[in-house]
Amino acid sequence: MSLKYNFIALLLVLTFTSVRSQYPFDLQFPEVDRPKKCSSCLQAFNEKPKEVGFSIQEGQDGDLYFEINHEGWFTKLFKNEGAGIAIDVVLKDRYDCGLTEIVKKKIKGKLLPPIYSHALKENLFLHKKNTYRVKVGELPLAYRNKDVEFNVLFLNNRDVCQYYRIFDLDSYKWDLLDMGLFLDSLTHKRVWNDPNAIPEVIPKKKSLEFIVPFEKDKSQYRIEDIKPMYDSLRLTNFTIEKIGIQAYASVEGDLKRNVRLQQERAQSIVDALQEFQKPTISTEIHTSENWEEFWSAIKNTKYSYLDTLNNEQVKKRLVGAFEIEMEPYLKLHRKAIVALALVKKDPYRQLNAVTLVTHFNEAIVNENLTKAQMLQNILFGKLRSKEMDPNMLASLKLPDQSKYQNLLNKKVALEYWNATKNLEDAYNAFIELERLDPSNGKIKYNRLALMLTMWKRGMLKKVDTEFLKREIHLLKKYHISKVLIHRMLINYHIVLSEMYMDKRNYDRKDRSVHYVNSNYKKIPLSTSDYLSLAQYLSFYSNYDKAIRLLNNKVKTEDVDEAILFYYLNLTLVNDRLVGTAPYKTIVQKAIAANNSRFCKLFNPYNHGGIAFQLLDNAYLRSIYCENCAAPSTKESIISPGNR
């Protein structure tokens with residue numbers, strides 16, 4: 001699908017009082033007679049396909065447009081003469097942290113003049129493929145260059161039948177599940193490009209992990225605590241390729257001082273490990289206060305009442321005698337988790353890439369395939385560690401003969417991954433390799449993986465979908481595992497559902513979406529897979545399924561930041577969920593992982609946020625004002641008792 005929608009409208013169920021109030025333009029909120037007065041509007045919404053999305057978009061010179069992706073439903077919604085729209089323009093200033101209370105109103109901002117059926121239908125125009133627009137007002141001059149959002153009132157004459165608040169749930173940046181490519185064995189590009197990962201194509205690698213505790217207010221480790229790490233390194237024929245350290249401080253005390261202490265602790269470990277070798281070891285350090293283990297430790301204890309407090313309130317409690325009382329818990333949270341990526345010592349690894357290429361080409365001339373494969377893997381290791389220019393791959397001289405098929409296969413895959421060969425050229429190269437060796441299942445798999453990618457990107461003029469599905473099923477004849485075939489079939493249906501969506505064939509689209517949702521549990525999922533799958537499900541309005549998919553992932557200690565924030569993206573609109581204690585723990589994880597990114601969630605929905613109107617929720621406003629507002633305004637907000 002060429003069009004990517006970046007909006008979704010969320011219905012707010014209004015609670016009406018028994019007193020009829022007068023609103024601008026003589027609008028009224030009907031009470032018990034709402035079903036009768038709004039029957040046509042309510043019927044249209046009841047029959048709205050879940051694929052229909054709409055939003056308010058700002059054009060040039062402050063023009064405001066109602067944008068929708070389904071002309072037929074638009075016509076149905078506004079078929080009656082009295083059907084119309086009014087726009088409620090809401091300022092973010094309404095939620096300023098200096099205000100002690102937000103006045104609840106049915107109309108939150110400035111209401112623009114209503115537009116009715118005749119003008120709406122007459123002025124509707126095609127904005128771009130499958131997207132229609134109609135002008136519904138202009139942004140007042142006083143509101144321009146300010147943070148604003150637009151809510152939509154759907155009318156029948158002067159009666160407000162529906163009030164919609166618009167959120168950007170970012171449900172469109174999905175991709176295929178990572179199929180990887182066969183090199184010596186199946187390897188994924190995400191693994192190849194991750195310096196912390198150990199790709200299967202490069203043998204003789206391993207990793208070690210150690211936990212180093214620290215005493216209170218001390219940045220130096222104790223010798224006995226680092227001895228197991230020293231002993232492991234002395235007894236192995238490996239060198240350190242990379243050090244990754246997650247340094248934690250216990251939660252009491254000043255945040256800036258804790259961050260500095262964590263950095264010093266991590267650096268003391270790096271300095272000790274650097275003594276083992278030269279040159280300088282690549283190092284990655286992350287620091288944080290250990291709130292997650294703190295909340296977990298006090299759960300179901302006499303201190304669980306602290307769960308009702310926010311972080312700053314807890315810090316104020318953790319002083320004096322109470323800090324001493326809590327020390328048995330706090331002392332367990334001061335530590336560094338050290339992950340070492342090791343590579344086995346090898347004399348060939350000391351050679352530069354140019355010399356290795358010469359040795360490789362000599363091995364090919366001498367038909368020494370064992371040595372050629374070993375040298376190729378070392379070269380690929382240098383490519384991965386950026387010690388080799390990807391353009392040097394072209395210097396590997398390999399004849400187009402079947403006995404060199406495995407070396408050729410790896411070379412094409414790495415040329416594609418390192419952008420020295422584009423997708424179409426790599427696909428055609430795999431077709432040629434398959435002609436050299438028609439029975440090679442790994443090459444067939446690679447060719448089909450790139451074919452699905454090209455289909456997804458619209459690079460294939462015509463695809464025989466039934467023939468493609470048969471080809472995928474036939475991979476089992478070539479000893480490709482069922483798990484990989486399942487993964488490829490899921491990707492097949494992901495692209496197929498997009499094709500049917502583009503053709504507005506919703507029934508067949510739903511069948512493919514159902515296949516994906518019913519079969520993903522048959523395969524192991526990587527972090528990127530979880531994210532792609534959740535984005536895919538939410539794109540087709542399966543929000544509950546996307547949330548269930550991520551529920552357990554966000555509760556893990558090492559949850560990926562992208563998954564954490566996508567989960568928040570899907571769930572912050574759910575007031576019932578947001579107020580729960582487990583959800584507050586997830587919010588704290590997000591703040592600790594990336595405070596700036598968390599704050600941006602509350603930008604206007606058309607400027608990179610979900611919606612600042614999320615701040616109608618008392619807990620979210622409290623946590624926003626605590627972590628995102630300027631210090632001058634933070635002091636005046638009365639924060640409810642939430643952590």
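View 1. Cys41 counts as buried, at 7% relative accessibility. Buried means under 20% relative accessible area, exposed over 50%, and partly exposed in between, with a 1.4 Å probe and protein chains only. The closest cysteine sulfur to that of Cys41 belongs to Cys161, 4.6 Å away, which is too far for a bond. A disulfide here is a pair of cysteine sulfur atoms within 2.5 Å. The model is predicted: local features need pLDDT of at least 70, side-chain atom pairs count only at pLDDT 80 or more, and totals for chains, interfaces and linings use all residues. Residues are numbered from 1 along each chain as its sequence is written, and side-chain values use heavy atoms, with hydrogens and water left out.

**View 2. The disulfide of Cys38 and Cys161.** The sulfur atoms of Cys38 and Cys161 are bonded at 2.1 Å. The link is left-handed, with -80 degrees about the S-S bond. Cys38 sits in the loop between helix H1 (34-37) and H2, while Cys161 is in strand E10 (residues 159-167). The two are 123 residues apart. Both Cys38 and Cys161 are buried. Helices (H or I, at least four residues) and strands (E, at least two) are DSSP runs, numbered from the N terminus.

**View 3. The disulfide of Cys97 and Cys625.** Here the sulfur atoms of Cys97 and Cys625 lie 2.0 Å apart. About the S-S bond the angle is -85 degrees, a left-handed link. Cys97 lies in the loop between E4 and strand E5 (110-111), and Cys625 in helix H25 (residues 618-627), so the pair ties together parts 528 residues apart in sequence. Cys97 is buried, with a relative accessible area of 4%. Cys625 is buried too, at 1%.

**View 4. The disulfide of Cys599 and Cys628.** These sulfur atoms, of Cys599 and Cys628, are 2.1 Å apart. The link is left-handed, at -85 degrees about the S-S bond. Cys599 belongs to helix H24 (residues 595-600), and Cys628 to the loop between H25 and helix H26 (631-634), 29 residues apart. Cys599 counts as buried at 14% relative accessibility. Cys628, at 21%, counts as partly exposed. The count of disulfides in the protein comes to three. With bonded cysteines counted along the chain, their pattern is 1-3, 2-5, 4-6.

View 5. The whole structure holds three cavities of 30 Å³ or more. On a 1 Å grid over the protein atoms alone, a cavity is a set of points where a 1.4 Å probe fits but cannot get out; a pocket is an open set with protein on both sides within 12 Å along at least five of seven lines; lining residues have an atom within 4 Å of a point. Grid points are joined across faces, edges and corners, and a volume is the space filled by probe spheres set on the points. The second largest cavity has a volume of about 70 Å³. Its lining includes Ser40, Cys41, Phe78 and Asn156. Helix H2 (39-46), strand E4 (83-91) and strand E9 (148-156) each give two or more residues to this lining. E9 supplies the largest share, three residues. The lining has six nonpolar, four polar and no charged residues. Ala, Val, Leu, Ile, Met, Phe, Trp, Tyr, Cys and Pro count as nonpolar, Asp, Glu, Lys and Arg as charged, and the others, Gly among them, as polar.

**View 6. The largest pocket.** The largest pocket holds about 1,500 Å³ of space. It is lined by 41 residues, of which Gln246, His286, Glu557, Asp558 and Val559 lie nearest its centre. Strand E14 (238-249) and helix H8 (291-298) are among the elements that each supply at least two lining residues. E14 gives the most, six residues. The lining divides into 16 nonpolar, 12 polar and 13 charged residues.

View 7. Six of the six residues of strand E3 (residues 63-68) are buried. Asp63, Tyr65 and Glu67 lie on one side, Leu64, Phe66 and Ile68 on the other. Strands pair if DSSP finds at least two bridges between them. Strand E2 (residues 54-58) pairs with E3 in the antiparallel sense over five bridges. Strand E8 (residues 131-138) and E3 are also antiparallel, over six bridges. Glu67 stands opposite Ser55, and its bridge partner in E8 is Arg133.
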